[in-house]
Amino acid sequence: MSSVQRFNVLELKECRDMVFACCSSDQFAERMTRGRPYASREALFETAEAEWRNLSKSEMIEAFQAHPRIGEGKGGGKVADRLRPHGEVH
């Protein structure tokens with residue numbers, strides 16, 4: 001079974017959560033989940049691009065705000081700080 005086929009048969013909540021983890025817009029996640037099944041990887045990506053372009057400005061801001069800033073990890077701390085050996089002072 002291909003990855004797209006597995007994506008197509010995920011439970012609704014699991015699929016939506018997976019999409020939301022990639023693009024933290026409620027509308028995007030809902031539209032991509034409801035758009036299943038996708039015939040191919042290309043069809044899924046084409047739909048994702050089209051749905052991204054169809055988001056409102058506020059929906060895009062919602063997605064961007066959920067992601068860490070460049071150089072920060074998911075917890076908001078600097079990635080470099082987490083990679084530094086324990087006890088090392090910078």
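Select Cys 23 and show its neighbours. Leaving aside residues up to four places away in sequence, Cys 23 touches Phe 28, Trp 52, Ala 63 and His 67. Keep in mind that this is a predicted model. Cys 23 sits in the loop between α2 and α3. Is Cys 23 buried or exposed? Its relative accessible area is 9%, under the 20% cut-off, so Cys 23 counts as buried.

Along the chain, Cys 23 and His 67 are 44 residues apart. Their C-alpha atoms are separated by 8.5 Å.

**Next stop: Ser 25**

Stay in the loop between α2 and α3 and select Ser 25. Which residues does Ser 25 touch, not counting residues up to four places away in sequence? They are Phe 20, Leu 55, Glu 59, Glu 62 and Ala 63. Ala 63 is also on the list for Cys 23. Ser 25 has 0% relative accessibility, so Ser 25 counts as buried.

**Zoom out: the whole chain**

Show the protein chain as a cartoon. It has six helices and zero strands. From the N terminus on, the elements run α-α-α-α-α-α. Colour the 90 residues by burial: 24% of them are buried.

**Select α2 and α3**

Pick residues 12–22 for helix α2 and residues 26–34 for helix α3. Two packed helices are described by the angle between their axes and the distance between the axes. Here the axes come within 8 Å. They cross at roughly 130°. That angle makes α2 and α3 oblique to each other. The crossing is right-handed.

Now show the side chains where the two helices meet. From α2, select Leu 12, Cys 15, Arg 16, Val 19 and Phe 20. From α3, select Asp 26, Phe 28, Ala 29, Glu 30, Met 32, Thr 33 and Arg 34. Colour this contact by residue type. It divides into seven nonpolar residues, one polar and four charged.

**Follow the charges**

Side chains of opposite charge can pair when their charged atoms come close. How many salt bridges does a search of the whole structure find? It finds six. Visit three of them in turn.

Start with Asp 26 and Arg 16. They form a salt bridge, and their closest N and O atoms are 3.0 Å apart. This pair links distant parts of the chain, with Asp 26 in helix α3 and Arg 16 in helix α2, ten residues apart. Asp 26 has 35% relative accessibility, so Asp 26 is partly exposed. Arg 16 has a relative accessible area of 21%, so Arg 16 is partly exposed.

Glu 30 has 28% relative accessibility, so Glu 30 counts as partly exposed.

Move on to Arg 31 and Glu 59. The side chains of Arg 31 and Glu 59 meet in a salt bridge of 4.0 Å, N to O. Arg 31 is in helix α3, while Glu 59 is in helix α5, residues 57–65. The two are 28 residues apart. Are Arg 31 and Glu 59 buried or partly exposed? Arg 31 has a relative accessible area of 28%, so Arg 31 is partly exposed. Glu 59 has 14% relative accessibility, so Glu 59 counts as buried.

**Last stop: Pro 37**

Select Pro 37, in the loop between α3 and α4. Helix α4 covers 41–53.

Technical notes: Residues are numbered from 1 along each chain as its sequence is written. This is a predicted model: local features need pLDDT of at least 70, side-chain atom pairs count only at pLDDT 80 or more; totals for chains, interfaces and linings use all residues. Side-chain values use heavy atoms; hydrogens and water are left out. Axes are lines fitted to C-alpha atoms, for helices over the stretch in contact, and angles run from 0 to 180 degrees between N-to-C directions. Helices (H or I, at least four residues) and strands (E, at least two) are DSSP runs, numbered from the N terminus. Angles under 35 degrees count as roughly parallel, over 145 as roughly antiparallel, 65 to 115 as roughly perpendicular and the rest as oblique. A crossing is left-handed if the near helix is turned anticlockwise from the far one by less than a right angle, and right-handed if clockwise. Contact means heavy atoms within 4.5 Å. Ala, Val, Leu, Ile, Met, Phe, Trp, Tyr, Cys and Pro count as nonpolar, Asp, Glu, Lys and Arg as charged, and the others, Gly among them, as polar. Buried means under 20% relative accessible area, exposed over 50%, partly exposed in between (1.4 Å probe, protein chains only).
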